[in-house]
Every structure is written in structure tokens, then in C-alpha cells.
Amino acid sequence: MAKNDFYETLGVSRTADEKELKSAFRKMAMKYHPDKNPGDATAEIRFKEVNEAYEVLKDPQKRAAYDRYGHAAFEHGGMGGGGMGGGGFGAGGFSDIFEDIFGEMMGGGRQRRSSGGRERGADLRYNMEISLEEAFTGKTAQIRVPTSITCDVCAGSGAKPGTKPQTCSTCQGAGRVRAAQGFFSIERTCPTCQGRGTTIPDPCTKCHGHGRVTEERSLSVNIPQGIEDGTRIRLAGEGEAGVRGGPAGDLYIFLSVKPHEIFQRDGADLHCSVPISMTTAALGGTFDVSTLDGTKSRVTVPEGTQNGRQFRLKGKGMPVLRSSQVGDLYIQIMIETPQKLTKRQRELLKEFEEISSKDNNPESTGFFARMKEFFEG
Ligand SMILES: [Zn+2]
Ligand SMILES: [Zn+2]
């Protein structure tokens with residue numbers, strides 16, 4: 001079907017400015033408004049055309065495209081298709097005062113009806129916190145999710161088995177009613193049926209006519225080995241049931257891994273600070289580290305170990321997600337200086353100091369020598 005020229009439809013010249021367009025649109029919209037022309041199909045078509053023309057011409061980008069390519073710019077697949085699809089009435093396609101009045105009527109209402117009242121169920125979010133040990137081993141978690149599901153007694157119709165929903169007498173099944181307000185009449189969701197177009201004279205006793213019931217469902221969720229803090233697991237179709245036969249939403253598990261008392265995680269590697277005594281550091285020694293796999297690893301500290309020295313325990317870190325690789329565990333040595341010395345200990349340390357040589361502390365000897373040289377030449 002050939003379309004009328006948008007400028008002609010609004011009765012303006014091709015050079016009309018924004019103000020002229022707006023004023024022409026208001027005039028035409030009032031002239032052809034369905035409430036001023038009840039039952040007049042031609043006026044209804046004109047009204048749609050006026051809206052469609054203004055929708056394009058008020059937008060400088062769309063107007064430029066229209067000036068260049070004509071209606072072809074807005075055919076299916078062309079630019080600006082989003083706002084113009086489905087007969088030229090997109091949600092939010094009106095500006096200024098018209099938005100308030102027509103917005104709901106032309107946008108939401110129509111779209112909802114065109115999909116037959118079917119609505120996708122809401123997505124659900126479930127926050128789960130696991131320990132580092134659980135992230136290490138992986139687990140199957142049983143979770144309970146409160147969710148609304150389709151009522152099994154009435155299969156979602158809301159009507160008592162053996163009865164049927166009836167066409168709403170307030171709106172005659174349209175789901176919308178009109179009320180006059182000033183110049184215009186405003187279409188609103190029918191208060192009797194809440195837009196469904198039907199009422200349920202004999203409601204299902206289990207769901208009280210809602211067609212959905214809230215239940216706690218038990219789900220088992222597989223938490224794979226090596227999962228990281230902040231991971232999101234999507235369980236398709238495990239969210240809320242859809243409305244009137246619509247598809248169910250998804251369930252998202254937001255996973256957080258609790259900080260560990262002993263180990264700090266860095267990807268697949270683990271880090272751990274281990275304090276050892278000054279004498280162990282000086283004389284050498286061993287200590288055992290418990291690891292997440294349930295075993296112990298022995299760390300040998302050689303004689304003369306310095307503070308901050310790192311030891312790597314290969315393969316004692318975290319498993320890498322969906323891989324056979326395992327990270328490492330890094331042990332960092334912290335040397336603890338003895339405190340609360342007894343008289344005897346103090347004597348021994350003094351004696352030790354007296355017989356110490358420069359070779360016992362090459363770092364500090366070297367440092368102070370360098371400092372002296374730098375500042376005193
Ligand atoms: Zn029911
Ligand atoms: Zn109704």
C-alpha cells in the first residue's frame with residue numbers, strides 16, 4: 001500500500017521547523033482523534049498516519065533519512081525500525097504533553113495484547129556464599145528457592161477445575177477502558193480484570209484465581225572445582241513461572257567465596273605468610289603446612305633464611321576451573337623477633353652479639369657502609 005507523504009499528512013512544507021511541525025501535529029491529532037470520530041475508520045487511519053508522520057519528522061535523524069530515502073528508510077529492516085515496527089506505534093513514540101496521554105495507550109497496552117497476555121516469568125537471583133575449601137573440592141549444593149510456579153490444580157488458568165474464565169463484562173474482553181479527561185479520553189487498564197479481558201467467577205481454591213502459587217523449590221546446583229569469587233551461574237528456565245503460559249525466567253546464582261583465615265587466593269595460586277622464630281631462621285629447621293587437599297607439606301628452612309623469603313609448594317594451590325591444572329601454594333617467611341626476654345636470654349644474646357662478625361650480617365653492614373660513603377664521601 002502506497003503511503004502518503006509525511007509532510008502532506010501533517011499539512012506542512014518540507015522546510016517546516018520544529019515549532020511548525022509540533023503545532024501541525026497537535027491540530028491534526030485533535031482533528032482525527034478516535035474519540036472525536038467514534039466509529040469512523042477513515043479518521044482512525046488518518047490519526048495513525050498523523051502520529052507516524054510526526055514520529056519521524058520530529059526526530060532530526062529520522063527526518064533526514066526520510067528526506068533522502070522516503071518511506072523506504074523505515075520499512076522492515078531499515079533504519080529506525082525499532083520505533084516504527086508493528087504499525088508505527090512504538091512505546092514512547094510521542095513527545096511533550098502527548099507522551100503522558102498516549103504513551104501508555106499506544107505503547108504498553110498494545111504490545112501486551114499483541115502477545116496474547118503471555119509474559120515471561122521474572123529472573124531470580126540467589127546469593128550463595130561458599131568456603132575456599134568448597135571452591136577447592138567443588139560441591140553439589142541443595143538450595144531452596146521461593147518462586148511462583150504455575151498452579152497445578154488449575155494448570156495456570158486460575159479457574160476451578162470444570163469451570164472457565166468468563167469474558168470481562170466491564171471491558172467486554174478488551175482489557176482496557178476509557179475515561180474522559182479534558183479534550184481527550186484516556187484509555188486505562190480495566191480495573192475489573194486488570195487487563196486480562198477475562199474474570200474468574202469460580203476461582204481455583206489453591207491459587208485463588210492467580211494461576212500461580214508461591215512455593216519453595218529445592219534445586220541442586222553443581223558448583224565446579226576451582227570456581228572463583230563473583231561467578232554467576234545461570235540455570236535456564238528455573239526462575240519464576242511465566243504468566244498465562246509464557247516461558248519461565250532464569251535463575252542466577254551469584255557466588256561469593258568467603259575469605260580464608262590462612263590462605264589468600266590469587267587466581268589459581270594461594271599465598272600464606274608463615275611466621276618463624278629468629279632462631280629457626282638462623283639455625284634452619286622445618287615446619288608443616290596443612291593444605292586444602294587435606295594433606296600436610298613439610299617446608300625445610302635452610303640456615304640463614306631471610307625475612308620475606310618465599311617457598312613454592314608446587315600443585316598445592318587451587319584447581320583451575322574446567323581443567324586438570326592446579327595452581328601453587330606460596331609460603332612467605334616472616335621472621336619473628338623474640339620479645340619478653342628473660343635475664344638469661346638477654347645475657348646469651350649479648351654474648352652472641354659480642355662475638356658476631358661482619359660476615360654474620362652482610363646486609364646491614366653493607367648498608368650502613370654505603371650510607372656513610374654517600375653522605376660523608
Ligand atoms: Zn489454581
Ligand atoms: Zn475487564
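1. Before you look at the helices, one definition: a helix axis here is a line fitted to C-alpha atoms over the stretch in contact, and angles run from 0 to 180 degrees between N-to-C directions. Keep in mind, too, that this is a predicted model.

2. Now try it on helix 2 (residues 18–32) and helix 3 (residues 41–57): their axes come within 9 Å and cross at roughly 160°. That makes helix 2 roughly antiparallel to helix 3, since angles over 145 degrees count that way. The crossing of these two helices is left-handed.

3. Which residues in helix 2 and helix 3 meet? From helix 2 you have Leu-21, Lys-22, Phe-25, Met-28, Ala-29 and Tyr-32. Facing them in helix 3 are Ala-43, Arg-46, Phe-47, Val-50, Asn-51, Tyr-54 and Leu-57. Sorted by class, this contact has ten nonpolar residues, one polar and two charged.

4. Next, find the zinc ion (ligand 1). Its protein donors are the SG atoms of Cys-151, Cys-154, Cys-204 and Cys-207, lying 2.2 to 2.3 Å from the zinc ion. The site is tetrahedral, with angles of 104 to 119° among the four donor atoms. Along the sequence, the donor residues are spaced C-x2-C-x49-C-x2-C. Cys-151 sits in the loop between strand 2 (139–150) and strand 3 (166–167), while Cys-207 is in the loop between strand 6 (198–199) and strand 7 (212–223), so this pair ties together parts that are 56 residues apart in sequence.

5. Then there's the zinc ion (ligand 2), coordinated by the SG atoms of Cys-168, Cys-171, Cys-190 and Cys-193, at 2.2 to 2.3 Å. Why is the arrangement around this zinc ion (ligand 2) called tetrahedral? Because its four donor atoms subtend angles of 102 to 118°, and four donors count as tetrahedral if all angles lie between 85 and 135 degrees. For reference, the ideal angle for four tetrahedral donors is 109.5 degrees.

6. Last, the chain around ligand 2: the donors follow the spacing C-x2-C-x18-C-x2-C. Cys-171 belongs to the loop between strand 3 and strand 4 (176–181), and Cys-190 to the loop between strand 5 (184–189) and strand 6, so the pair ties together parts 19 residues apart in sequence.

Key:
Residues numbered from 1 in each chain as written. Chains lettered and ligands numbered in written order. Predicted model: local features only at pLDDT ≥ 70, side-chain atom pairs only at ≥ 80, totals over all residues. Heavy atoms only, no water. Helix = DSSP H or I, 4+ residues; strand = E, 2+ residues; numbered from the N terminus. Parallel < 35°, antiparallel > 145°, perpendicular 65-115°, else oblique. Left-handed = near helix turned anticlockwise from the far one by under 90°. Contact = heavy atoms within 4.5 Å. Nonpolar A, V, L, I, M, F, W, Y, C, P; charged D, E, K, R; others polar. Donors = N, O, S within 2.8 Å, 3.2 Å for Na, K, Ca; no water. Tetrahedral: all angles 85-135°; square planar, octahedral: opposite > 155°, others 65-115°.
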